[in-house]
Amino acid sequence: MSETRLMALLDHWADGGRMATFWLRDDDAVVPTPALDRLLALTRDAGVPLTLAVIPENTDEPLKQYLQPEPHVSIAVHGWSHRSYSEPPAKNQELGLHRPMAEVLGELRQGFAKLQALYGPQFIAMLVPPWNRIAPEIVEALPALGFTSLSVFGREKPAAVRVLNTHVDIMDWHGTRGGRPAEDLFAEILSYLESDRPVRAIGVLTHHLVHDDQAWAFLDRLFALTAAHPACRWASAPDLLGA
Ligand SMILES: [Zn+2]
């Protein structure tokens, strides 16, 4: 079973002084909710830094007041409205070339300014494109908007800004729409650790608003196994990007 194999590998790494690095990104926060409460408690108790991708358009003081006492949370920009402008059956995309570029960039500039003003030191100049999709032309324009990093899904590719991606998505979007089986998720983590092209940090992607019991149980288990393991380190996005 993959959990057992993962633990065996980590114990072996601990003996050899090797370290697995993880980071956690959660998307779609706008207002405080019971689900966000649960995620904050879980990460705080486990000592896991959290990068929260906040949708700028309709968020305001309530979420800011609520997150301010949580020093383990960093805030990234999750597009502007999380509206899709693509024509079905094309996949959902906010940050594409469906609209004039100036309009898209104007919204991103507005989202950056709004969250930076709200969150101050908790804000990081990272763009998290809704649905992890962004046109290359828009990536090229990010430095001029003040963004210094980008986070999508999959292996990192070179870009005009630093890239810190997520690699393991705990949700089954196309099947049950609930959490994926822990067995599959541990196997995926293991495949990244055993890869001959290792990623700098394995990014775990969560969506607190839609977690079912299986999704929460996986996070509980993952943190229980890794948070205090001598061969594991949960790093914050600012730490990984600053290094
Ligand atoms: Zn999203």
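Val77 stands opposite Leu127, a residue of strand E4. The model described here is predicted.

- Strand E4 comprises residues 123-127, and five of its five residues are buried, so the strand is largely enclosed by the rest of the structure.
- Burial applies to both faces of E4: Phe123, Ala125 and Leu127 lie on one side, while Ile124 and Met126 lie on the other.
- E3 is a parallel partner of E4, and two bridges are found between them.
- Met126 has Ser149 in E5 as its bridge partner.
- A right-handed β-α-β unit is made by E4, helix H5 (residues 136-145) and E5.

**The zinc site**

- Which residues coordinate the zinc ion? The donors are Asp28 through OD, His78 through NE2 and His82 through NE2, at 2.0 to 2.1 Å.
- The spacing of these donor residues in the sequence is D-x49-H-x3-H.
- Asp28 belongs to strand E1, whereas His78 is in the loop between strand E3 (73-77) and helix H4 (101-119); the pair therefore ties together parts that are 50 residues apart in sequence.
- Asp28 and His78 are both buried.

- The structure contains five aromatic pairs.
- One of the pairs is formed by Phe22 and Trp234, whose ring centres are 5.1 Å apart; because their planes meet at 25°, under the limit of 30 degrees, the pair counts as stacked.
- This pair links distant parts of the chain, with Phe22 in strand E1 (residues 20-29) and Trp234 in strand E9 (residues 232-234), 212 residues apart.
- Is Phe22 buried or exposed? Phe22 has a relative accessible area of 0% and is buried.
- Trp234 has a relative accessibility of 10%, which is under the 20% limit, so Trp234 counts as buried.
- Trp234 also forms an aromatic pair with Phe223, at 5.3 Å centre to centre, and the 90° between the planes makes this pair edge-to-face.
- Phe223 lies in helix H7 (residues 213-226) and Trp234 in strand E9, eleven residues apart, and their pair likewise links distant parts of the chain.
- At a relative accessibility of 4%, Phe223 is counted as buried.
- One aromatic cluster is formed by Phe22, Phe223 and Trp234.

**Charged groups over aromatic rings**

- Arg18 places its charged end over the ring of Trp13, at 3.9 Å from the ring centre.
- How far from the centre of the ring of Tyr85 is the charged end of Arg99? The charged end of Arg99 sits over that ring at 3.7 Å from its centre.

Conventions:
Residues numbered from 1 in each chain as written. Predicted model: local features only at pLDDT ≥ 70, side-chain atom pairs only at ≥ 80, totals over all residues. Heavy atoms only, no water. Phe/Tyr/Trp six-rings, centres within 6.5 Å; stacked < 30°, edge-to-face > 60°. Helix = DSSP H or I, 4+ residues; strand = E, 2+ residues; numbered from the N terminus. Buried < 20%, exposed > 50% of the residue type's maximum accessible area, 1.4 Å probe, protein only. Lys NZ or Arg CZ within 6 Å of the ring centre and 35° of its normal. Donors = N, O, S within 2.8 Å, 3.2 Å for Na, K, Ca; no water. Pairing = 2+ DSSP bridges. Right-handed = clockwise from strand over helix to strand, strands pointing away.
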